[in-house]
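Morning, everyone. Please have a look at the sequence and the structure on the screen before I start.

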Amino acid sequence: LAGTTDPLSTPVRPSLRRTMSSQVIGGTGTVLLLIDVQNSFHPGGSLGIPGADEDANRTADLVLSSIKEDSSSIDRIVATLDSHHKLHIAHPSFWIDGTDGNSHPDPFTIIMSEEVKSGKWKPRPNLKLPVSESLINADIFEGSGDVFGPDGSLNVKKYCEEYTRLLELKGRFNLCIWPEHCLIGTQGQCIVEVVEKSMEAWIAATGGSVEWVQKGQNLLTESYSALTAEVPLTHETSFNSEVFGSLMKADRLIIGGQALSHCVNYTVRDIVKNWPENERHKICLLTDCCRAVPGFESAGEKFLDDMKEAGVSLCASTDVL
């Protein structure tokens, strides 16, 4: 993890896309944003975080305690879902060892741009990109045009060289290979059961619907933040101004989820640096409903320090309603 952070004063480039219904009912009031409260990140999951079950229990208790007969003191629930293909660029099976041409990198291997250039690590030679999706928009991708051939086709090896270079240039992360997690359509992608049941109770009591935001579907870039990819490639992976705008309608924004060191960290950073500075006190981060990936605790601690300095409220789940 390259632990440098973006200045909070620099808004990211907005996108014109629309991925969230504009028919938001009851946009003001208290909004609960739950980030990646998914089975893969809980004990028993492929990237399980010790203690995440207790975080989920506290999250569910918060939702249930908000319900009063046919109403709730939580007006909206917005939930993000990490959603990956098996052959995602940060998964082992995307890559092969350039020496033996067969083995894959172990989880938590760091792949640097020079290692891709030298052939130490190579994208698998039989990689077939989904034909139904436009994974790269040349007008948005800020890397070298050399990644495209004369016929407009993508040279995957050159793209991987450029992608890892851009990550390193950004200074936030190097490419870390993660255990396969949150695979689309699998149990790992699903919301952990105790929180899902609390959502059902909230829906039944209020007549509201959970607003779902998926991230990570583009297999050629990473999306730690729910609002923008590490390297934007398309309108869909650029800053999601619609989701951000919907969150801005909140009188109070309460945030929890996993993991404190990664997806909570960078989703909240994107929110805060685009949020009016004199209104950041409206944002409440639930410190007892999220925790860091083991080995990345310092990133989580720095995030909390930065958010406190930025004016975000650090709260316990028992004290926010």
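First, the ground rules. This is a predicted model, so local features need pLDDT of at least 70 and side-chain atom pairs count only at pLDDT 80 or more, while totals for chains, interfaces and linings use all residues. Residues are numbered from 1 along each chain as its sequence is written, and side-chain values use heavy atoms, with hydrogens and water left out.

Cysteines, then. How many disulfides does the structure hold? One. A disulfide here is a pair of cysteine sulfur atoms within 2.5 Å. Cysteine 284 is joined to cysteine 315, S to S 2.3 Å. The pair links distant parts of the chain, 31 residues apart. Cysteine 284 sits in strand S11 (residues 283-286), and cysteine 315 in strand S12 (residues 313-315). Strands are DSSP runs of E, at least two residues; helices are runs of H or I, at least four; both are numbered from the N terminus.

Are these two buried or exposed? Cysteine 284 is buried, at 1% relative accessible area. Cysteine 315 is buried as well, at 14%. Buried means under 20% relative accessible area, exposed means over 50%, and partly exposed is in between, with a 1.4 Å probe and protein chains only.

Now cysteine 263. This residue is in no disulfide. Its nearest cysteine sulfur belongs to cysteine 182, 8.3 Å away. Cysteine 263 is buried, at 7%.

On to helix pairs. Take H6 (residues 263-274) and H7 (residues 297-310). They pack at about 20°, axes 10 Å apart. Axes are lines fitted to C-alpha atoms, for helices over the stretch in contact, and angles run from 0 to 180 degrees between N-to-C directions. So H6 and H7 are roughly parallel. The cut-offs: under 35 degrees is roughly parallel, over 145 roughly antiparallel, 65 to 115 roughly perpendicular, and the rest oblique.

Who makes the contact? From H6, the residues include Val264, Val268 and Val272; from H7, they include Phe303, Asp306 and Met307. Contact means heavy atoms within 4.5 Å. By class, the H6 and H7 contact has seven nonpolar, one polar and three charged residues. Nonpolar covers Ala, Val, Leu, Ile, Met, Phe, Trp, Tyr, Cys and Pro; charged covers Asp, Glu, Lys and Arg; the others, Gly among them, are polar.

Last, two residues. Alanine 52 is in helix H1. Alanine 52 is buried, at 0%. Leaving out residues up to four places away in sequence, alanine 52 touches Phe41, His42, Pro43, Gln258 and Arg291. Aspartate 288 is 236 residues from alanine 52 along the chain, yet their C-alpha atoms are separated by 9.8 Å.

Isoleucine 110 lies in strand S6 (residues 110-111). Isoleucine 110 is partly exposed, at 33%. Beyond its neighbours within four places in sequence, isoleucine 110 contacts Glu115, Asn174, Leu175 and Cys176.
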